[in-house]
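I opened this notebook page to keep a record of what I looked up in the structure. The entries follow the order in which I went through it.

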Amino acid sequence: MAQPQSAQHTRSLPIWRWLAPVGRRLLGTLVRVETTAPVVALTFDDGPHPQFTPQLLDLFARHQARATFFLLGRHAVEQRELVARIAAAGHAIGNHTFTHARMPQTPRWQRWRELRMARRALAPYGAALFRPPYGGQSYGSRLDALLFGYEVVGWTYHIEDWVAQPATQLAERLLAQMQPGCIVLLHDRLANPRDPAAADRAPLIDALTIVLDRLSTTYRFVTVPELMRAGKPVRVPWFRPAQ
């Protein structure tokens, strides 16, 4: 005799309650950490940059802050000593592909090549972290990152630092959205500047100087792995075309 539909639904609930966290862990994208601790992860894409990345490292050293740098493999190859300096200062280094490829629109064999070449370029300093360029991700590219053993890291918010803005405006936007457990998307270099004036990262560095001067006694600025240990990682479905 067939089970009533409500009974079948009730019986299946425990299975889905078990499978849902597994699915989020395997295919979800990290966007923040649920915590009451005053910790924030500043993350930087597209570097390293021979001028601006060292300035950031000096700024963080003065404030005993750490960050996560999602580096492009082709830039890392050009700046090997700088990559080593980032790691030696206690910052985390993640994979951002080799050429800044739009992963959803890229054939699988080429996605694997991008991930593999970037991983080699970042060795031995790369952590098991990956951020897709432009935030673009498909189910296929997410599975590829899983096969490579990467935690995919999105962000809680950004301040559109790829558009030229005065330092005070960038600082105000950072301060307005800061909260415990958040992951902030920033750039120490722009791989493909849409706004040529924004290629100058000096206003961003000035903005971060304002933010760290104001908040370094209130917040701790940590790497993504450190942030994950400070609370419950929040992962969400993140499937969007590269913009």
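**Entry on helix 6.** I started with the face of helix 6 that is turned away from its buried side, and there I noted the exposed residues Tyr139 and Leu147. I am working from a predicted model, and I keep that in mind for each entry below. The buried residues of helix 6, as I listed them next, are Ser141, Arg142, Asp144 and Ala145. Looking down the axis of helix 6, I found that these buried residues fall within an arc of 155°, so they line one face of the helix. After helix 6 comes Gly149, for which I wrote down a positive phi, near 80°.

**Entry on the surface patch.** I then looked for nonpolar side chains on the surface and found a patch formed by Leu26, Leu27, Leu143 and Leu146, which together have about 280 Å² of accessible area. The elements that give two or more residues to this nonpolar patch are helix 1 (5–27) and helix 6 (139–147). I checked Leu26, which is found in helix 1, and its relative accessible area of 39% makes this residue partly exposed.

**Entry on Gln137.** Is Gln137 buried or exposed? With a relative accessible area of 2%, I count Gln137 as buried because the cut-off for that is under 20%. Gln137 sits in the loop between strand 5 (129–130) and helix 6. I followed its side chain in two directions: a polar contact of 3.0 Å joins it to the side chain of Thr29, and at 2.7 Å it reaches the backbone oxygen of Trp238. Setting aside neighbours within four places in sequence, I listed the contacts of Gln137 as Thr29, Pro104, Pro132, Arg142, Val152, Trp238, Phe239 and Arg240. Among these contacts is Arg142, which I had already listed with the buried residues of helix 6.

**Entry on helix 4.** Which residues of helix 4 are buried? In helix 4 (residues 80–88) I found Leu82, Val83 and Ile86, and because they cover an arc of only 105° around the axis, they lie on the same side of helix 4. As a reminder to myself, an α-helix has 3.6 residues a turn, so residues three or four places apart point the same way. Glu81 and Ala88 are exposed on the other side of helix 4. I traced what the buried residues of helix 4 pack against, and the partners are helix 2 (52–63), strand 3 (68–71), helix 3 (73–78) and strand 4 (92–95). Gly90 follows helix 4, and I noted that its phi is positive, near 95°.

**Entry on Ala41.** I placed Ala41 in strand 2 (residues 39–45) and found it buried, with a relative accessible area of 0%. The C-alpha atoms of Ala41 and Thr68 are separated by 7.3 Å, although the two residues are 27 apart along the chain. Beyond neighbours within four places in sequence, Ala41 is in contact with Cys182, Ile183, Val184, Val222, Thr223, Val224 and Leu227.

**Entry on the whole chain.** Buried residues make up 48% of its 243 residues, while the chain exposes about 11700 Å², of which carbon and sulfur atoms supply 55%. Among contacts in the protein chain with a separation of 6 or more, I noted that 80% are between residues 24 or more positions apart.

Key:
Residues numbered from 1 in each chain as written. Predicted model: local features only at pLDDT ≥ 70, side-chain atom pairs only at ≥ 80, totals over all residues. Heavy atoms only, no water. Patch = residues over 30% accessible without salt bridge, like charges linked within 9 Å, V, L, I, M, F, W, Y side chains within 5 Å. Areas by Shrake-Rupley, 256 points an atom, 1.4 Å probe, with all protein chains shown as cover. Salt bridge = Lys/Arg side-chain N within 4 Å of Asp/Glu carboxyl O. Helix = DSSP H or I, 4+ residues; strand = E, 2+ residues; numbered from the N terminus. Buried < 20%, exposed > 50% of the residue type's maximum accessible area, 1.4 Å probe, protein only. Arc of directions from axis to C-beta. Contact = heavy atoms within 4.5 Å. Polar contact = N/O pair within 3.5 Å; in protein donor to acceptor, adjacent residues only side chain to side chain.
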